[in-house]
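Let's look at this chain together, one feature at a time. Have the sequence and the 3D view ready.

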Amino acid sequence: YKMLKCGITGYSGVLGSELIKKKFNFKFIKFKSNICNKKKLQQWIKKNNLDLIIHLAAIVPTWLVEKNFPYANKVNYIGTKNVIDAIIENNLNLKWFFFASTSHVYSLPKKKIKINEKFKIKAISKYGLTKLKAERYIKKKLSKSKIPYCIGRIFSFTHINQEDFYLIPSIVKKIRKSKNKNIVFNNMNHYRDFVSVTDICEAIGFLWGKKSKGEFNIASGKAIHIKNIVQFICKKYKKKPIFVDNEKSYLVGDVKKINKLGWKSKKNIFQILNEYL
């Protein structure tokens with residue numbers, strides 16, 4: 001039984017490093033240069049005769065994308081374009097191409113509804129915009145080829161290796177550092193959908209197993225109020241949160257499409273938080 005050669009970009013990120021640990025039937029071939037380096041990408045694709053590619057390389061933190069949009073656009077959009085162009089120019093006969101996208105490509109719903117894959121597309125952040133442009137390029141180019149492509153729109157996730165500026169690590173840091181019993185929190189009146197990194201990796205492996213094509217939400221399908229997360233962590237550290245309210249927002253995935261194929265997320269947010277803490 002031959003191991004498939006799976007090209008992976010962004011292998012050193014939170015998602016990539018977990019994915020590589022999984023016992024898929026893959027020999028992972030890592031792309032070790034900068035995704036903006038077209039020449040290195042071309043060489044990598046020419047040399048390795050890959051069976052499939054999982055493309056994860058991206059600048060993710062929304063504030064970082066806002067701060068340096070030209071660079072983020074270069075990595076997230078132009079980088080993806082480089083990958084696709086290299087596949088096509090080298091006539092690579094891929095069995096599958098996976099692109100890690102984001103729930104940020106959807107417009108924010110005004111009310112408490114779950115977002116399915118047909119929901120209105122309108123990037124809610126500059127990060128979402130870079131991913132949306134990349135999605136469109138993949139569709140345009142690969143639908144003309146015979147290569148089956150799959151776009152996973154990933155909702156919120158957290159992990160012990162995430163840096164401090166992500167939502168949950170920043171909340172934990174704030175609580176740990178505070179000398180006061182009462183801690184004031186602004187802008188926590190949001191409903192989000194947290195899925196564990198293990199579940200995301202399982203979903204990618206699962207979608208590959210089904211040779212799935214098109215867009216799929218990768219989410220838990222459950223709304224969690226960020227305030228509840230804050231309260232849960234505060235309780236662990238014997239602190240008391242004080243909330244300064246803001247307008248509510250909802251970004252929760254409808255996962256019927258991937259559930260129908262037989263995948264479900266296993267861990268809920270509190271299990272994820274317990275592992276984290």
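Q: Among contacts between residues at least 6 apart in sequence, what share joins residues at least 24 apart?
A: A contact means heavy atoms within 4.5 Å. In this predicted model, 78% of the contacts between residues at least 6 apart join residues at least 24 apart. Residues are numbered from 1 along each chain as its sequence is written, local features need pLDDT of at least 70, side-chain atom pairs count only at pLDDT 80 or more, totals for chains, interfaces and linings use all residues. Side-chain values use heavy atoms, with hydrogens and water left out.

Q: How many of the residues count as buried?
A: Buried means under 20% relative accessible area, with a 1.4 Å probe and protein chains only. Here 53% of the 277 residues are buried.

Q: Which residues have the most contacts inside the largest nonpolar core?
A: Such a core is a set of buried Ala, Val, Leu, Ile, Met, Phe, Trp, Tyr and Cys residues joined through side-chain atoms within 4.5 Å. The largest one has 39 residues, and L19, F26, I54, F98, L207 and I218 have the most contacts inside it. Its largest share, 8 residues, comes from α7. Apart from this core lies another of 31 residues, including C36 and Y137.

Q: What does F98 touch, beyond its neighbours within four places in sequence?
A: F98 is in contact with I53, I54, H55, C150, G152, I204, L207 and I218.

Q: How many helices and strands are there?
A: DSSP runs define them: helices are H or I of at least four residues, strands E of at least two, numbered from the N terminus. This chain has 10 helices and 12 strands.

How values were computed: Buried < 20%, exposed > 50% of the residue type's maximum accessible area, 1.4 Å probe, protein only.
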